[in-house]
Amino acid sequence: MRWEELDQQPCSLSRTLAVVGDRWTLLVLRDCFLGVRRFDEFEKRLGVTRHVLADRLKKLVEYGVLAKVPYQQRPLREEYRLTERGLELHSVMLALVSWGDRHMADERGAPIRHIHKGCGQVMRPVTVCSECGEPVAARDVQIEVGEGWQDATGELIPPRLARQSGNQDR
């Protein structure tokens with residue numbers, strides 16, 4: 001499988017990685033969630049080349065993760081704002097940050113604390129079942145092939161699953 005063909009794969013993770021799967025895109029998204037909106041601000045904070053930054057922003061706009069919104073008319077200047085689709089990536093970003101806080105932080109600890117506005121407490125993300133509300137870990141999930149795993153002719157092409165039961169060794 002080639003990187004340029006990820007969005008053609010019958011796999012939601014592959015399709016998602018085609019949009020947000022490189023380091024610069026994730027760092028752009030991080031800065032969006034921190035309130036950065038303008039090209040020059042991204043460029044200054046990230047230290048990325050203008051070409052790479054423009055490419056990543058264009059892709060995020062193309063896929064509806066960001067929207068270009070005018071903030072000045074003469075001359076026309078635009079900033080980048082998270083769309084509803086983009087805001088839905090917040091839980092993904094929180095999960096990555098939480099993993100980094102646990103496994104990659106130095107002796108000083110986490111560089112940023114996330115405070116839940118509702119209760120005022122420092123929080124960490126927890127994945128729960130959408131149906132019963134119980135916390136869910138890798139060993140609690142059974143994987144089955146869905147209808148979306150088909151080739152162009154409509155033939156079902158099941159992925160190789162390690163085991164069909166929910167007791168995968170992970």
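View 1. Read along the sequence, the predicted chain runs α-α-α-α-β-β-α-α. That gives six helices and two strands. Helices are DSSP runs of H or I with at least four residues, strands are DSSP runs of E with at least two, and both are numbered from the N terminus. Residues are numbered from 1 along each chain as its sequence is written. The model is predicted, so local features need pLDDT of at least 70 and side-chain atom pairs count only at pLDDT 80 or more, while totals for chains, interfaces and linings use all residues; side-chain values use heavy atoms, without hydrogens or water.

**View 2. Burial and surface of the whole chain.** Of the 170 residues, 21% count as buried. Buried means under 20% relative accessible area, exposed means over 50%, and partly exposed lies in between (1.4 Å probe, protein chains only). The chain exposes about 12,900 Å². Carbon and sulfur atoms supply 51% of that area. Areas come from the Shrake-Rupley method with a 1.4 Å probe; for residues, only the protein chains shown count as cover. Among contacts between residues at least 6 apart in sequence, 36% join residues at least 24 apart. Contact means heavy atoms within 4.5 Å.

**View 3. Helix 2 against helix 6.** The axes of helix 2 (residues 23-33) and helix 6 (residues 90-103) come within 11 Å and cross at roughly 105°. That makes helix 2 roughly perpendicular to helix 6. Axes are lines fitted to C-alpha atoms, for helices over the stretch in contact, and angles run from 0 to 180 degrees between N-to-C directions. Roughly perpendicular covers 65 to 115 degrees; under 35 is roughly parallel, over 145 roughly antiparallel, and the rest oblique. Leu26, Leu29, Arg30 and Phe33 of helix 2 meet His90, Met93 and Leu96 of helix 6.

**View 4. The buried face of helix 3.** Helix 3 (residues 39-46) has Phe39, Phe42 and Leu46 as its buried residues. Seen down the helix 3 axis, these buried residues fall within an arc of 65°, so they line one face. The arc is that of the directions from the helix axis to the C-beta atoms. An α-helix has 3.6 residues a turn, so residues three or four places apart point the same way. Cover for the buried residues of helix 3 includes helix 2, helix 4 (50-62) and strand 2 (77-82). Just after helix 3, Gly47 takes a positive phi of about 70°.

**View 5. Asp140 after helix 6.** Asp140 sits in the segment after helix 6. Asp140 is exposed, with a relative accessible area of 54%. Asp140 and Cys129 are eleven residues apart in sequence and 9.8 Å apart in space, C-alpha to C-alpha.
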